[in-house]
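The sequence and structure come first.

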Amino acid sequence: MPDMWNDLLATFDLKPVDTAAYEGPNQTLEYHRVFGGQILGQLLVAAGLAFPEKSVKSLHTVFPREGKSETPIRYEVRPQHEGRSFATAAITARQGEQVVASAVVSLHAPEEGTERQTLPEVGGLPGPEHRREFGLIPWETRAVDDLDGTEAGPPAYELWLRTPEVEPELGAPLTAYATDLTLIGTALRPEEGISHVGNGTRFLSAVTSHTLWFHRPVRSDTWQVLRQHSPIRAGGRIFGRGDVITESGDLVASYAQEALFRPRS
């Protein structure tokens, strides 16, 4: 297995393969599916390459089928509107004729304006004794609660994280990558005797859609917390949402996710 951190960074090095089309490799993982967080990050990179004078303000993605890790993904960008301040585009992620993700992205040129935010204060960064290991996150993470635990708890979770130092333009893709990992586990916390590690044995789950909004520039290589909760599980689906907040309390991004959930007897 290659070094997971550098392997992940390599997936964000998309290459142009046609007019407004880019291609990138997949992570080398122990299973043969493409992690949705990788696709989210690559979608942001593709949008940045297509509109270099603007930054992504929102990304709305659906995942119609799973990707195969042995096949590179092609990202086809179709501009829908581009003005001086805003731009929108549809991005299709393909493996051959199969669509593995479809996204609508909105971008905005840098602009000054008044600011206000209203949200509960951020607690202090947990100490090193609260380090947690997530198999798909190759950088430091900390949390007071153990998402692997099977005791029932509230459908809320806070995950602190900080990547090694990277170029500023990788802050948003790396943060997007992380937002795809723990919302299902957050939604399952009220269920006694089950946790997110039971996918494939105790239950079946798969992300069907994921939306991100970026409010301010994101730096993944300084401490930030994913503060998230799940208000509902119904109709064979799980829904969760969260905020990305810096250690100093600045809200930089928000996200929401829906996933399939089917308990196994």
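The largest nonpolar core has 66 residues, and I39, Y75 and W139 touch the most other members. A nonpolar core is a set of buried Ala, Val, Leu, Ile, Met, Phe, Trp, Tyr and Cys residues joined through side-chain atoms within 4.5 Å. Helix α2 supplies the largest share of this core, seven residues. Another core lies apart from it and has five residues, among them W160, V225, I245 and L251. In soluble globular proteins, nonpolar side chains tend to be buried together.

The model is predicted: local features need pLDDT of at least 70, side-chain atom pairs count only at pLDDT 80 or more, and totals for chains, interfaces and linings use all residues. Residues are numbered from 1 along each chain as its sequence is written, and side-chain values use heavy atoms, with hydrogens and water left out.

W139 touches W5, L8, L161, R162, T163, P164, L174, Y177 and A178, not counting residues up to four places away in sequence. Contact means heavy atoms within 4.5 Å. Of these partners, L174, Y177 and A178 are also among the buried residues of α3.

Helix α2 (residues 36-50) packs against helix α3 (residues 171-179) at an angle of about 155°, and their axes are 7 Å apart. That makes α2 roughly antiparallel to α3, a term for angles over 145 degrees, as against under 35 for roughly parallel, 65 to 115 for roughly perpendicular and the rest for oblique. The axes are lines fitted to C-alpha atoms, for helices over the stretch in contact, and angles run from 0 to 180 degrees between N-to-C directions. Helices (H or I, at least four residues) and strands (E, at least two) are DSSP runs, numbered from the N terminus.

On the α2 side, the contact involves G37, Q38, L40, G41, L44 and V45, which meet A172, P173, A176, Y177 and T179 in α3. The residues of this contact divide into seven nonpolar, four polar and no charged. Here Ala, Val, Leu, Ile, Met, Phe, Trp, Tyr, Cys and Pro count as nonpolar, Asp, Glu, Lys and Arg as charged, and the others, Gly among them, as polar.

Nine of the nine residues of α3 are buried, so α3 is largely enclosed by the rest of the structure. Buried means under 20% relative accessible area, exposed over 50%, and partly exposed in between (1.4 Å probe, protein chains only).

| Residue | Relative accessible area | Class |
|---|---|---|
| A20 | 28% | partly exposed |
| W213 | 34% | partly exposed |
| T246 | 16% | buried |
| T118 | 67% | exposed |

A20 sits in the loop between β1 (15-18) and β2 (21-24). Its phi is positive, about 55°, although A20 is not a glycine. Most residues other than glycine have a negative phi.

W213 belongs to strand β9 (residues 203-214). Leaving aside neighbours within four places in sequence, W213 contacts K57, S58, H60, V252, A253, S254, Y255 and A256. W213 and D243 are 30 residues apart in sequence, and their C-alpha atoms are 9.4 Å apart in space.

T246 lies in strand β11 (residues 237-246). With neighbours within four places in sequence left aside, T246 is in contact with V122, W223, Q224 and V252.

T118 is in the loop between β6 (98-108) and β7 (140-142). T118 and L251 are 133 residues apart in sequence and 9.1 Å apart in space, C-alpha to C-alpha.
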